[in-house]
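Here's a quick tour of a fold and its ligand site. Have a look at the model first, then read on.

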Amino acid sequence: MSVNFIFKVIIIGEPATGKTSLVKKYISGHFSQDYRASIGTNLYIKKIKLESGEEGKIQLWDIAGQERWIKMRHTYYRGAQGALILGDVTREKSFLQIEDFWYSDITKYCPDIPVILIGNKIDLKKDISEEKVRAIGDKINADSIMFTSAKNGDNVEMAFQLISKLINERFSRKKD
Ligand code: GTP
Ligand code: MG
């Protein structure tokens with residue numbers, strides 16, 4: 001396979017929203033019920049084929065959400081070409097800082113990249129309506145809003161395919 005691209009994607013959001021679980025499900029197909037807070041960042045790489053047939057790699061930076069990582073977190077944002085911002089649909093609170101904190105950091109450290117807002121844990125009972133999540137997505141001008149389950153795999157593959165497609169489109173436009 002000839003590698004035509006390597007896309008850097010950051011996965012961010014409040015602690016325990018399921019960032020590590022989503023990435024692990026995508027990479028390995030596995031899901032674990034335990035919560036072990038991430039330390040710093042975990043880096044994964046996977047081959048990906050776009051709808052257009054182009055093949056390349058996607059580099060996933062699963063970034064720790066806990067407050068104690070706040071000072072160094074933005075160093076991982078450098079060079080990111082796309083972002084997934086996660087909220088946990090069972091905790092409305094996990095969406096409250098998306099506009100003013102998580103998205104605001106993107107505008108500071110890696111502006112103008114495609115962003116997908118993700119409501120994760122849709123296999124569980126919701127604490128926030130789909131409309132509210134969509135309203136937050138509109139506020140941050142998200143390129144797409146998706147609902148996933150890292151537990152049963154709903155929309156997981158699709159989320160990573162879509163962010164890759166969006167990055168590819170934006171990158172091609174810049175070349176014109
Ligand atoms: P930090 O690393 O601290 O920022 O957290 P994180 O966002 O990486 O969360 P993590 O993936 O560790 O998941 C937190 C908890 O939620 C774990 O107990 C997971 O098993 C659980 N979880 C994650 N995604 C889902 C999901 O889609 N459905 C269900 N039922 N549980 C989930
Ligand atoms: Mg984690």
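## Around the ligand

The shell around ligand 1 splits into seven nonpolar, 11 polar and five charged residues (Ala, Val, Leu, Ile, Met, Phe, Trp, Tyr, Cys and Pro count as nonpolar, Asp, Glu, Lys and Arg as charged, and the others, Gly among them, as polar). Of those 23 residues, Gly18, Thr20, Ser21, Ser38 and Gly65 come nearest; a residue is near if its C-beta atom, placed from the backbone, lies within 6 Å of the molecule. Helix H1 (residues 19–28) gives the largest share, three residues.

This is a predicted model, where local features need pLDDT of at least 70 and side-chain atom pairs count only at pLDDT 80 or more, while totals for chains, interfaces and linings use all residues. Residues are numbered from 1 along each chain as its sequence is written, with chains lettered from A and ligands numbered from 1 in the order in which they are written.

## The sheet

Five helices and six strands make up the protein's secondary structure; helices (H or I, at least four residues) and strands (E, at least two) are DSSP runs, numbered from the N terminus. The six strands form an open, mixed sheet, ordered E2-E3-E1-E4-E5-E6, where pairing takes at least two DSSP bridges between strands. Strands E2 (41–49) and E6 (144–148) sit at the edges with a single partner strand each, so one side of each has no neighbour in the sheet.

E2 pairs with E3 (residues 55–63) in the antiparallel sense over nine bridges, and Lys47 stands opposite Lys57 in E3.
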